[in-house]
Amino acid sequence: MSQGPRSGLYAVSSVLLAMSRHLEVRDVLKTIVASARELLDARYAALGVPDDHGGFAQFVVDGVSDAQWKAIGPLPRQHGILAAMLHEARPERLADVRKDPRFEGWPAAHPDMSDFLGLPIRDGDEVIGALFLANKNRTKENQKDCSAPDGGCGFTEDDEELLTILAQHAAIALTNARLYERSRELTIAEERSRLAHELHDAVSQKLFSLRLTAQAAAALVDRDPARAKGELHQVAMLAAEATEELRAAVIELRPAALDEDGLVATLRTQIQVLDRAHSARVTFAGHGVRALPAAQEEAVLRVAQEALHNALRHSGAGRVDVTLEKRGTGTVLRVSDDGSGFEPTAIRAAGRHLGLVSMRDRSSGVGGTLNVESAPGKGTTIEMEVPGG
């Protein structure tokens, strides 16, 4: 490679590691595009994931400002050079894309491009994307070889070979990210099913008690107003408890708060709700944690919710403490209660996991670890650690 073997291998290794760190499809696409542009020293890079209707389900660019991208307008259709890469599944390396007979122009706000290198991203026989670069940057080393117009120096065979390697690994990273998102969709469906059972067991029971208490109050209002007043106070209390249960369930159904408020604020809000809704004291403390990747934040939130559910519903705890803190190169979630505790080996032998399997799966799914410490009569501590933050 023209960069030299040592620097070239190091650069490629860094790119491949960067791609493997992400689990969200959108994050993987952005990493691929930014890495390709930097690795091949191009001014512009883009990656399109085709849909089944002649357009693109996703289209990510690098080297174009947000304002310029907004001015360009709608996503491109599958035509011209892009269609050739997708449908014929072959590389395209052009000295000037504007002179190619398949070129069909671009919107007025689109940057002017000359030299072009594009490759399909394939998963077996399926083309799952198109990755392309434009306008090789001029450097002192390659200036004498520049022949393309507008200062473009043109992409070489070495560039094409390097992008081919990158596209092959991009296919693996993108496929893994898609599988992860499908798995997460199944997990979300399971979460909704669990919440439905919880609503039936908790909220429905409170509403049933509320109805019976209201009927008793109605029967007493004429002959014993004082007792009727007491029953009405009970109605108000049951209604408030049912409202808190519903609010807590709605919060669990809306992890979108992570996107708006971040993990620390979302955890603090949910724990405040749980503290009001339950007799146990529930506290939260966050120390020095910065934003985590989206997949990790959701996993930490879900593990916290599961651990809190176990502590508040099954342990008889009088106090539950939640902390989220920076530890070395990672972030640690810790949920501790002073409840009845359990013997972990006995729980596994009985086939009752208290959600431990789900929590371990969530932790390992984002490169983290989960540790559970518990003993009968000594409470439980669940600790999850993920890299970053």
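**A strand, a sheet and a helix**

Strand S1 and strand S2 (residues 56–62) are antiparallel and are joined by six bridges. Helices (H or I, at least four residues) and strands (E, at least two) are DSSP runs, numbered from the N terminus, and two strands pair if DSSP finds at least two bridges between them. The model is predicted, so local features need pLDDT of at least 70 and side-chain atom pairs pLDDT 80 or more, while totals for chains, interfaces and linings use all residues. Residues are numbered from 1 along each chain as its sequence is written, and side-chain values use heavy atoms, leaving out hydrogens and water.

Gly48 has Phe59 as its bridge partner in S2. The two strands make a hairpin with five residues between them, and Gly54 in the turn has a positive phi of about 85°. S1 is also joined to strand S5 (residues 126–136), again by six bridges and antiparallel; here Ala46 stands opposite Phe132. Seven of the nine residues of S1 (residues 42–50) are buried, so the strand is largely enclosed by the rest of the structure. Buried means under 20% relative accessible area, exposed over 50%, and partly exposed in between (1.4 Å probe, protein chains only).

Elsewhere, five strands form an open sheet in the order S6-S7-S8-S10-S9, with mixed pairing. Its edge strands are S6 (281–287) and S9 (369–374), each pairing on one side only. S6 and S7 (residues 319–327) run parallel, joined by seven bridges, with Ala285 opposite Thr323 in S7.

Helix H8 (residues 294–314) lies across S6, S7, S8, S9 and S10, at about 180° to S10. Such angles run from 0 to 180 degrees between N-to-C directions, with axes fitted to C-alpha atoms, for helices over the stretch in contact. Of the 21 residues of H8, 18 are buried, so this helix is largely enclosed by the rest of the structure. Gly316, with a positive phi near 70°, follows H8.

The largest nonpolar core has 36 residues, and Leu308 and Leu324 are among those that touch the most other members. A nonpolar core is a set of buried Ala, Val, Leu, Ile, Met, Phe, Trp, Tyr and Cys residues joined through side-chain atoms within 4.5 Å. H8 gives the most to this core, with ten residues. A second, separate core of 30 residues includes Leu47, Leu162, Ala171 and Leu174.

Key
Contact = heavy atoms within 4.5 Å.
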